[in-house]
Amino acid sequence: MVTKTLPEIKGFQETTLIDWDGKIASIIFLGGCNFRCGFCHSSSLVTHPEKLESVSFNDIASFLGSKRGWVDGVVITGGEPTLCKERLINLINEIKEFSLLVKLDTNGTCPDILKKLIGDKLVEYIALDIKAPLRADIYSKVAGIDIDIDKIIASKDLIINSGIDYEIRTTVVPTLIGADEVVDIAKSIHPAKKYCIQQFVPRDTIDPFFLSTKPYSVTELEKMAQAASKYLPKVHLRRN
């Protein structure tokens with residue numbers, strides 16, 4: 001029985017083969033985010049999580065218990081999970097009761113929480129979203145709020161030097177992020193061991209403008225990856 005306060009869970013996907021390379025995983029979705037990226041395709045989860053039905057962790061626990069030895073781990077995503085702070089830590093501890101690995105998706109705005117999770121060996125993999133070149137003006141434009149860029153940089157450095165497995169990823173959105181910005185990001189995250197360039201999905205966006213924005217072609221994405229590869233050892237494309 002769960003005795004500590006957990007975050008409200010706003011979605012659960014029993015299995016995924018694509019969200020954690022080489023792993024069979026479940027996904028837990030937490031609501032709420034401190035960013036307002038116009039191109040975000042999880043608008044309800046970010047802006048109005050209270051309108052979404054919550055999922056009982058007891059139901060999730062029943063599933064995880066029934067799949068021991070089959071599911072490798074759990075991906076915790078959002079929204080922005082680190083905003084839940086101690087409740088996030090409680091959730092991870094509950095997941096660890098099933099001897100499962102944990103992957104965390106984060107925007108990097110809470111380096112103090114990341115430091116604790118890494119120090120206490122509560123996560124095996126972190127996916128850090130770097131939205132834009134690491135300058136406050138352009139980052140704030142892309143994120144839709146005023147950004148403390150020093151926190152993003154601190155999270156980036158912490159993760160790169162953590163000793164755990166990780167990736168840094170950027171969603172490339174026409175009108176916001178192009179080849180020049182990707183190269184700028186690649187230079188600033190050197191020597192990150194894995195950088196993922198993600199294709200933008202024009203679906204359920206916070207800003208309706210992006211619903212009619214055409215994603216980059218595969219050829220354009222490949223050119224971005226080739227340019228970033230000059231500065232990083234492994235650049236991976238995620239196409240939709």
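In which crossing, left-handed or right-handed, does H7 pass H8? The first legend answers this.

**View 1. Helix H7 packs against helix H8 (residues 218–228).** This is a predicted model, in which local features need pLDDT of at least 70, side-chain atom pairs count only at pLDDT 80 or more, and totals for chains, interfaces and linings use all residues. Residues are numbered from 1 along each chain as its sequence is written, and side-chain values use heavy atoms, with hydrogens and water left out. Helices (H or I, at least four residues) and strands (E, at least two) are DSSP runs, numbered from the N terminus. H7 passes H8 in a right-handed crossing. A crossing is right-handed if the near helix is turned clockwise from the far one by less than a right angle, and left-handed if anticlockwise. The axes lie 9 Å apart, at an angle of about 30 degrees. Axes are lines fitted to C-alpha atoms, for helices over the stretch in contact, and angles run from 0 to 180 degrees between N-to-C directions. H7 is therefore roughly parallel to H8. Angles under 35 degrees count as roughly parallel, over 145 as roughly antiparallel, 65 to 115 as roughly perpendicular and the rest as oblique. From H7, Ala179, Val182, Val183 and Ala186 meet Met224, Ala227 and Ala228 of H8. Contact means heavy atoms within 4.5 Å. By class, this contact has seven nonpolar, no polar and no charged residues. Ala, Val, Leu, Ile, Met, Phe, Trp, Tyr, Cys and Pro count as nonpolar; Asp, Glu, Lys and Arg as charged; the others, Gly among them, as polar.

**View 2. Helix H4 meets helix H6 (residues 149–160).** The two axes come within 9 Å and cross at roughly 15 degrees. That makes H4 roughly parallel to H6. The crossing is left-handed. H4 supplies Pro111, Leu114, Lys115 and Ile118. H6 supplies Lys151, Ala154, Ser155, Leu158 and Ile159. Six residues of this contact are nonpolar, one is polar and two are charged.

**View 3. A salt bridge joins Asp21 and Lys194.** The N to O distance is 2.5 Å. A salt bridge is a side-chain nitrogen of Lys or Arg within 4 Å of a carboxyl oxygen of Asp or Glu. The pair links distant parts of the chain, 173 residues apart. Asp21 sits in the loop between strand E1 (9–16) and strand E2 (25–30). Lys194 sits in the loop between helix H7 (179–189) and strand E7 (195–199). Lys194 is buried, at 8% relative accessible area. Asp21 is partly exposed, at 43%. Buried means under 20% relative accessible area, exposed over 50%, and partly exposed in between (1.4 Å probe, protein chains only).

**View 4. Lys156 and Asp157 form another salt bridge.** Lys156 is buried at 8% relative accessibility, while Asp157 is partly exposed at 32%. Elsewhere, salt bridges that share partners join Asp21, Lys103, Asp105, Asp129, Glu167, Arg169, Lys194 and Arg238 into one network. The salt bridge count comes to 13.

**View 5. Helix H3 (residues 86–96) has buried residues.** They are Leu88, Ile89, Asn90, Leu91, Ile92, Glu94 and Ile95. Their cover includes E1, E2, helix H2 (57–66), strand E3 (73–77), strand E4 (101–106) and helix H4 (111–119).

**View 6. Helix H5 (residues 136–143) also has buried residues.** These are Ile138, Tyr139, Ser140, Val142 and Ala143. Strand E5 (125–129), H6 and H7 are included in what covers them. Gly144 follows H5 and has a positive phi, near 80 degrees.

View 7. Most residues other than glycine have a negative phi, and most peptide bonds are trans. A cis peptide bond joins Gly78 and Gly79, with omega about 10 degrees. Lys85 is in the loop between E3 and H3, and its phi is positive, near 50 degrees. Lys85 is partly exposed, at 44%. A cis peptide bond also joins His190 and Pro191, with omega about 10 degrees. Thr175 is exposed, at 57%.
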